Amino acid sequence: MTNIWQATVSSKNNPPVLKSNGPGKLLQIHPVQINTGLIDIPVSGLKIGRGDAADYILHDDSISREHACITFRDGACYLQDLGSTNGTFLNGEEIQNAEIRPGDRITVGSYIFKLLSNDETEAQYYEAVYDMMTQDGLTRATNKRAFLDILKRETLRSINTNRPLSLIMFDIDHFKSINDTYGHLAGDQVLREVSQRIRNVIESHVTFARYGGEEFALLIPELNVEQVTVIAERCRSEIAETQFSSEADAFTVTISLGVSNLQSLSQDTFQPDIDLIAVADAKLYRSKNEGRNRVTI
């Protein structure tokens, strides 16, 4: 049996890449594809695109026929954009030609790959798969499944210790309009940038999660409602006060937020974690109904 970290991607669209002593391997982390194995990068390089001339073909209209290539020279690995329409990105920054290293994230169109080295591939693979199981590949926020596990655990801890626990739910306003006006790649970039801006204004002990689509959650222990409201307002202003940009234009993005607190829930509830979400979500939608770009407590 072939170990999965030794496998190469194989499908009727992408025949197996011959194994080599090349510079490393790629793991697709968004959209999540754990069961496809690894894409081997030959010494001769790897061309990525949606055309037949590409070594690795991705059927996505946001990807050019010959989009990008990875080459190996002088003991280093390089990522080069091949004049693509939508650009090639390394760790979130658009590049033309740049050296890449193990752990780097490569974005072409709506696909994101992580570069693994040929040394200790097994350990890197399992670390990357764990991240894929617990993180959202696009925004790097905690994913919904892992968040719900954390929420259940923190809710029980809060009840047993009688310590505060609060939840902020927020949603990007008019996100469908952003996608329709500027395209889905711009929408993806907004999701990434919103996530990064939120991370910039919260403490490390706060669980930040992508709950679904354009909806996010912040689980905050040990602070009272007034303190959590200050955090929610800080998040709102961080998004609204600086414009976002696409290739075509700069535009304003806002978020609507709802805040719930475990200690304010009924003591008779049998599902405090679920109720905490329901209350925050209801207040989020009250924010939307009252004009958006606001916090409801």
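Predicted model: local features only at pLDDT ≥ 70, side-chain atom pairs only at ≥ 80, totals over all residues.
User: Which residues of helix 4 are buried?

Analyst: Buried means under 20% relative accessible area, exposed over 50%, and partly exposed in between (1.4 Å probe, protein chains only). By that cut-off, the buried residues of helix 4 are Ala186, Gly187, Asp188, Val190, Leu191, Val194, Ser195, Arg197 and Ile198.

User: Does histidine 184 count as buried or exposed, and at what relative accessibility?

Analyst: Histidine 184 is in helix 4 too. In space, the C-alpha of histidine 184 is 14 Å from that of glycine 87, although the two are 97 residues apart in sequence. As for accessibility, histidine 184 counts as exposed, because its relative value is 57%.

User: How many Å apart are the end C-alpha atoms of helix 5?

Analyst: Helix 5 takes in residues 225-240, so that's 16 residues at 1.5 Å each. At the start of helix 5, a side-chain oxygen of asparagine 224 comes to within 3.2 Å of the backbone nitrogen of glutamate 226.

User: What covers the buried residues of helix 5?

Analyst: The buried set in helix 5 is Val228, Thr229, Ile231, Ala232, Cys235, Arg236, Ser237 and Ile239. The cover includes helix 4 (184-200) along with strand 12 (165-172), strand 14 (215-221), strand 15 (244-245), strand 17 (255-261) and strand 18 (295-296).

User: Which residues touch the most other members of the largest nonpolar core?

Analyst: A nonpolar core is a set of buried Ala, Val, Leu, Ile, Met, Phe, Trp, Tyr and Cys residues joined through side-chain atoms within 4.5 Å. The largest one has 39 residues, and the top two for touching other members are Ile172 and Leu218. Helix 5 gives the largest share of this core, five residues. Domain 1 (25-130) and domain 2 (144-295) both contribute, so the core lies between them, and the pair you asked about is Ile172 and Leu218.

User: Which residues is isoleucine 172 in contact with, leaving aside neighbours within four places in sequence?

Analyst: Contact means heavy atoms within 4.5 Å. With those neighbours set aside, isoleucine 172 is in contact with Ile178, Val190, Leu191, Val194, Glu214, Phe216, Val253, Thr254, Ile255 and Lys288.

User: In strand 14, what is the bridge partner of phenylalanine 208?

Analyst: Strand 13 (residues 207-212) is largely enclosed by the rest of the structure, because five of its six residues are buried. Two strands pair if DSSP finds at least two bridges between them, and strand 13 has five with strand 14, in the antiparallel sense. Their hairpin has two residues between the strands, and glycine 213 takes a positive phi near 60° there. Across the pair, phenylalanine 208 is bridged to leucine 218.

User: What is the order of the open sheet of five strands?

Analyst: Strand 3 (residues 46-49) pairs with strand 5 (residues 68-73) in the antiparallel sense over three bridges, whereas strand 3 and strand 4 run parallel and are joined by two bridges. Strand 4 (56-57) and strand 9 (97-100) each have a single partner strand, so they stand at the edges. With mixed pairing, the order is 4-3-5-6-9.

User: How far apart are the C-alpha centres of domain 1 and domain 2?

Analyst: Domain bounds come from an automatic or database domain assignment, which gives domain 1 (25-130) and domain 2 (144-295). Six residues of domain 1 are in contact with four residues of domain 2. The distance between their C-alpha centres is 31 Å.

Methods. Residues numbered from 1 in each chain as written. Heavy atoms only, no water. Helix = DSSP H or I, 4+ residues; strand = E, 2+ residues; numbered from the N terminus. Expected span 1.5 Å × (residues − 1). Polar contact = N/O pair within 3.5 Å; in protein donor to acceptor, adjacent residues only side chain to side chain.
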